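Colleague: I would like to learn how to read a model like this one. Please take the features one at a time.

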Amino acid sequence: MKSGFRKSLLIVMLLWQVLLLAGCDYFVSEQQAHVPFYNRDSRGRADTIGKLGTQSISIPAGVIDGWARYIGDPGDFADPKIKAKYQRPPESYDLPIESFGFQYRITDGDIYTSFRQTEEDYRRDNETLIPYSKPFPWAGVIIYGEYDAAPLNFNFTVQDDFRVSKEVTNIDYIQQPQPLYGLTVYKANNGIDPETGEPWKSDTLARDKMIKKDQAGNIKTYIQCEFTHHIDSCSHMFYNDRWHIRVRLGYSRTYLPQWQEMESNIIKILDSWRVSPEGRLLGKQIGKA
């Protein structure tokens with residue numbers, strides 16, 4: 001009797017262990033089903049993934065300057081309690097990216113990536129060019145995903161900037177008769193300081209403004225540049241309709257003639273990061289270590 005009871009108990013225990021193992025396997029497989037495929041570099045570092053505007057992307061590890069911000073992430077100055085409680089949705093190739101930044105080399109279209117030669121190049125240029133006020137061949141780039149119904153142009157932005165200049169500083173922006181590198185140029189009071197009647201000696205409130213319109217007459221590129229310094233800087237923004245993004249660049253005015261090439265190359269870089277819904281690369285990634 002005892003022997004039969006022990007045998008039955010042993011069978012029950014074995015069946016219970018089998019069920020537990022099966023349950024664990026099911027749980028693990030369910031968990032793994034929610035973990036996306038990650039592309040990795042030669043050092044095993046995983047890419048940053050998400051959806052930028054209309055495209056799913058896989059950004060090579062070591063490229064992003066800082067970190068990627070996703071839609072819904074608390075801001076840098078948000079209440080620490082809010083940050084502590086915030087839980088980002090699981091990573092996926094559909095998680096909308098709000099913004100991220102990287103460094104773009106204007107002279108050859110390459111980008112900064114840690115553990116690539118460009119990391120050493122960037123460090124060297126910082127040490128040998130900036131202290132001696134020589135043109136720095138890198139542009140800081142920030143990409144913004146656009147997800148609302150606002151028009152992808154700078155029509156309002158430019159007109160409002162002109163209005164504020166007139167109302168606050170009494171500066172009129174005058175369109176110049178000749179374009180510059182294909183850009184329509186506007187100069188503050190035609191380049192003359194109204195207080196002195198002489199050319200501007202400071203461009204703090206009077207930077208040159210340049211625009212480029214599309215065939216429909218919408219302003220798609222908006223550039224503002226200093227002009228009174230030894231090394232003048234430019235703030236350059238443009239929209240891309242296919243990606244549904246806004247791009248901001250900052251660079252030395254020395255490289256302004258290459259503004260169209262920069263816009264084209266930035267889109268080529270993003271195109272190289274496009275992936276299928278499952279995360280499979282659609283081309284060779286630019287900037288991969």
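Modeller: Start with a definition: a polar contact is a pair of N or O atoms within 3.5 Å; within protein, one must be able to donate a hydrogen and the other to accept it, and residues adjacent in sequence count only if both atoms are side-chain atoms. This is a predicted model, in which local features need pLDDT of at least 70 and side-chain atom pairs count only at pLDDT 80 or more, while totals for chains, interfaces and linings use all residues. Residues are numbered from 1 along each chain as its sequence is written, and side-chain values use heavy atoms, with hydrogens and water left out.

Colleague: What is the average pLDDT of the protein?

Modeller: pLDDT is the predictor's confidence in each residue, from 0 to 100. Here the average is 88, and 88% of the residues score at least 70.

Colleague: Which side chains make polar contacts with the side chain of Asp208?

Modeller: Lys187 does, at 3.0 Å, and so does Arg253, at 3.1 Å. Asp208 lies in strand 10 (residues 208-213); helices (H or I, at least four residues) and strands (E, at least two) are DSSP runs, numbered from the N terminus.

Colleague: Is Asp208 buried or exposed?

Modeller: Buried means under 20% relative accessible area, exposed over 50%, and partly exposed in between (1.4 Å probe, protein chains only). Asp208 has a relative accessible area of 2%, so it is buried. Beyond its neighbours within four places in sequence, its contacts include Tyr186, Ile223, Cys225 and Phe227.

Colleague: Which residues of helix 4 are buried?

Modeller: Val158, Phe162 and Ser165 are. Seen down the axis of helix 4, the buried residues fall within an arc of 60°, so they line one face of the helix; the arc is that of the directions from the helix axis to the C-beta atoms. Phe156, Glu167 and Val168 are exposed on the other side. The cover over the buried residues includes strand 10 and strand 11 (219-225).

Conventions
Contact = heavy atoms within 4.5 Å.
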